[in-house]
Structures are given as C-alpha cells and as structure tokens.
Amino acid sequence: MRSAAPPNPQALHGILNRINPMLQFRRITTQKRFIPQIDGLRFVAISSVVLLHLYAALEAGIIPVPWTMSADLPKRGVELFFAISGFILGVPFASHYVLKAARVDLKQYFLRRLTRLEPPYFISLFVWTADQMIMGHRHLSEMGPHLLSSFAYLHNVFFGAFPGAINLVAWSLEIEIQFYLLVPLLALLFTIPSASIRRTVLAILMLASGFLSIVAHRDIHLRASILYYLAFFLAGFLVCDLYLSRREWKPSFRWDVLALCGWPLVWYSEGNIGHILLPFLIVVLYLAAFRGRICSAVFSNRVITNIGGMCYSIYLFHVLVISAVRHVATPLHIGQNFWAYYGLQAIVILPWVLLCCGAFFLIIERPCMDREWPRKLWQYWQELVSSAAGPRARLRRASLHPK
C-alpha cells in the first residue's frame with residue numbers, strides 16, 4: 001500500500017500567498033495615507049451606533065429597560081462619523097490650498113466615491129429587500145419606490161428618513177453623499193490665507209449652522225439633510241486645518257484629562273443647545289485623540305483600528321445581524337438585573353456582528369477600497385473568458401478537421 005505523498009512546500013507557500021492578502025483587516029487608503037487615530041475614532045462611532053441599537057432591540061426583551069431611549073441618542077455615533085468625513089475629505093483639499101500640495105483631481109475624487117461606496121451599499125439594499133420580503137412580509141410592489149429612491153440616495157428627500165425605508169440606517173449615508181458633492185465648494189474655505197481668520201470663519205459657520213439646524217429640525221425632510229448636520233462636517237474641517245500644522249503639537253496628559261471628561265458629554269447632551277455645542281466638543285475630543293499621550297496610543301491600537309476600519313460593513317448590516325440573533329439570544333438571562341442581561345446579550349450577539357460584517361468587509365468592502373478594482377476585475381474577466389474560450393476553440397477545430 002502506497003503512503004500518501006508529502007505536501008508540496010512550494011504549493012502550500014503559493015496558497016498562503018493567495019490567502020494572506022484576503023485576511024488583512026487594515027484599510028486600503030488612497031495614496032497610502034493611513035491615520036490610525038481616525039480609524040480609532042471610527043471604532044468609537046460605530047461602537048456607539050451598535051451598542052445603542054442593541055439596547056433598542058432589547059427594549060422588547062424579557063427584562064424591562066431602566067429608561068426609554070430618546071430618538072436622538074442613537075444618532076450620536078452618526079454625528080461622530082460626519083465629523084470624521086469632514087476631516088478625511090478635507091485633508092487633500094486643505095493640503096492643496098494651505099500646503100501647496102498637488103491639486104485634487106475632481107474626476108478621480110468623484111470616481112473614488114462611486115467605486116468605493118456603491119457596491120457594498122447596493123448589495124446591502126438587495127439583502128435588506130430580501131429580509132423585508134421574507135421576515136417583514138412586505139411586497140416588492142410596495143417597496144419599489146423606496147428601493148429606487150434609495151439607489152439614487154433620495155429616500156430622505158421623497159419620504160423622510162425612516163418611513164418605508166429599505167435599509168433602516170442608510171438615511172445618514174444619503175447625508176454623507178450630499179456632503180461629498182459639496183466638498184469641492186466648501187473646501188474653498190481653505191483658500192483664506194490667514195490661519196487664524198480661516199479657523200475663526202469655520203467656528204462662526206459651525207455656530208451659525210447649529211442655529212440653522214433648529215429651524216431645519218421642524219421639517220421631516222430637512223432634519224435628515226445636510227442642513228441639519230452641516231456643523232459636524234465643518235467640525236471635521238476645523239480639525240483637519242489644525243492637524244495640518246501638527247508639527248507644533250506636543251503630546252500631553254492634559255489632553256487625556258480633557259478627553260476623559262469630555263467623552264461622556266457626547267451622549268449626555270440633548271436638545272437644541274446640545275446639538276449646537278456638540279460639534280465644538282467633538283473638535284476638542286478629536287484633537288485629544290492626536291495630542292493626548294494615552295488617547296493617541298489607545299486610538300492607534302491595532303485591534304481598535306481594524307474594527308474601526310470595517311465600520312462601513314458593520315454600519316450596513318449590524319441591525320440585520322442583531323435582529324436575526326436576538327430571536328435566539330433574548331430568552332437567555334441571569335437574574336432580573338437589566339445591565340447583567342444587556343452584558344450577556346452583548347457577549348452572545350456582538351461576536352456574530354463582527355463575524356458576519358467582518359466576512360462582508362473582507363469579501364466585498366476591502367477589495368472596493370482598491371481604486372484600481374474595476375480595471376483589475378475587467379482584466380480578470382477577460383482572462384477568464386480567454387481561458388474558457390481556449391478549450392472550446394480547440395474542440396471546434398478538432399470537429400472541423402477530424403483525423
């Protein structure tokens with residue numbers, strides 16, 4: 001009897017070389033510009049969204065909740081994301097206007113947004129549609145107008161944020177798209193030559209936008225638009241402006257103390273005054289993430305940045321995963337204390353959120369971060385067609401010229 005042949009080391013090495021890039025969780029960034037603290041802040045934002053949505057899911061659990069959550073509280077993580085978007089999208093424009101770096105290619109800028117965001121989002125819409133048809137017993141004919149408007153990022157405009165929505169969290173993505181379109185125009189603020197005047201103008205516009213949001217909140221459509229949230233994007237612009245002069249910065253424990261006192265206020269502030277002041281608080285907290293000795297180290301931690309880096313996948317699907325797992329998990333409890341119940345549910349449900357959303361990130365979202373993926377996909381398709389056509393061509397020639 002023959003013994004099994006030993007594995008070929010070269011073949012194993014080749015397989016590992018193919019698999020290893022697929023298991024990298026670090027984001028693929030434009031021009032290799034990776035800022036770990038930003039992904040650390042993304043971790044805080046997405047954690048806020050997920051944990052508060054988990055709390056909302058348990059309001060119908062077997063143990064009564066200690067307090068009814070306000071409608072604004074789950075949006076805190078979204079507002080943190082808006083400021084991050086202001087920072088990230090402001091950097092290349094501010095670098096050009098302030099530091100005289102290369103001009104931003106607007107065609108590539110918009111193409112990047114298109115190839116980066118649309119594939120994961122469109123896939124999420126199909127998944128959410130299937131879920132609502134199966135679990136929610138909604139008819140496709142009834143969902144049709146909502147689905148089409150969601151594809152065009154116009155659901156908030158036609159229906160408001162939530163009524164009939166397909167993906168229940170995508171209301172904020174539509175506001176992000178509005179900001180993406182306005183960035184080249186808003187970035188002209190960085191053309192103001194004096195740094196002190198430029199930053200003062202940004203602060204005044206943040207304050208004015210905050211007061212404008214009070215008026216916008218009265219309309220169901222405007223409260224789900226950039227008019228209500230503009231101050232948060234401008235907060236990101238302000239942090240970006242300060243970040244570009246970071247050579248003057250020295251890490252200090254004072255910023256860690258500010259962060260320790262300030263972060264709880266993010267979820268404490270409510271109402272109109274809270275909405276006006278929160279963007280300014282976010283500026284301080286984001287600066288602390290860079291300038292605090294402890295904060296900088298924490299927000300640069302690899303586990304935190306990896307989870308923060310796949311926040312888009314978590315954002316798109318976490319509600320579906322929570323909804324699916326809680327049907328099995330919610331009967332599990334120890335005693336009648338809600339926070340013990342909440343902790344147990346988090347231990348059971350959150351790993352499934354990370355597993356499912358992490359898989360989507362590796363398979364779909366991360367490849368879309370490569371700005372060359374459309375060209376590579378087309379090249380791969382051509383090679384696939386060529387390799388498939390080869391055997392057919394040989395068979396055709398053999399049938400035409402039999403021996």
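# Briefing: core, aromatic pairs and confidence

The largest nonpolar core of this protein has 109 residues, and those with the most contacts inside it are F87, F179, W263 and Y286. Helix α9 (residues 226-243) gives the largest share of this core, 12 residues. The model is predicted. Its mean pLDDT is 87, and 88% of the residues reach 70 or more.

**The core**

- F87 is among the residues with the most contacts inside the largest nonpolar core. Leaving aside neighbours within four places in sequence, F87 is in contact with I35, I38, G236, F237, V239, C240, Y243 and F290.
- In soluble globular proteins, nonpolar side chains tend to be buried together.

**Aromatic rings**

- The count of aromatic pairs comes to 32. In one of them, the rings of F93 and Y109 have their centres 5.5 Å apart and their planes at 80 degrees; planes over 60 degrees apart count as edge-to-face, so this pair is edge-to-face.
- One aromatic cluster is formed by F82, F162, W171, F179, F190, Y228, Y229, F232, F233 and F237. Of its members, F179 is also named among the residues with the most contacts inside the largest nonpolar core, and F237 is one of the residues in contact with F87.

**Charges over rings**

- R113 has its charged end over the ring of Y180, 5.6 Å from the ring centre.
- R293 has its charged end over the ring of F253, 5.6 Å from the centre of that ring.

**Position of C356**

- C356 is placed in helix α15 (residues 338-369).
- In sequence, C356 and I314 are 42 residues apart; in space, they are 8.6 Å apart, C-alpha to C-alpha.

**Confidence**

- Among the elements of the protein, α9 has the highest mean pLDDT (96), and helix α1 (residues 9-19) has the lowest (49).
- Over residues 15-22 the pLDDT is below 50. Beyond near neighbours in sequence, this stretch has two contacts in the model.

Methods
Residues are numbered from 1 along each chain as its sequence is written. Side-chain values use heavy atoms; hydrogens and water are left out. Helices (H or I, at least four residues) and strands (E, at least two) are DSSP runs, numbered from the N terminus. Rings of Phe, Tyr and Trp (its six-membered ring) pair if their centres lie within 6.5 Å; planes under 30 degrees apart count as stacked, over 60 as edge-to-face and the rest as tilted. A charge sits over a ring if NZ of Lys or CZ of Arg is within 6 Å of the ring centre and within 35 degrees of the ring normal. A nonpolar core is a set of buried Ala, Val, Leu, Ile, Met, Phe, Trp, Tyr and Cys residues joined through side-chain atoms within 4.5 Å. Buried means under 20% relative accessible area, exposed over 50%, partly exposed in between (1.4 Å probe, protein chains only). Contact means heavy atoms within 4.5 Å. pLDDT is the predictor's confidence in each residue, from 0 to 100.
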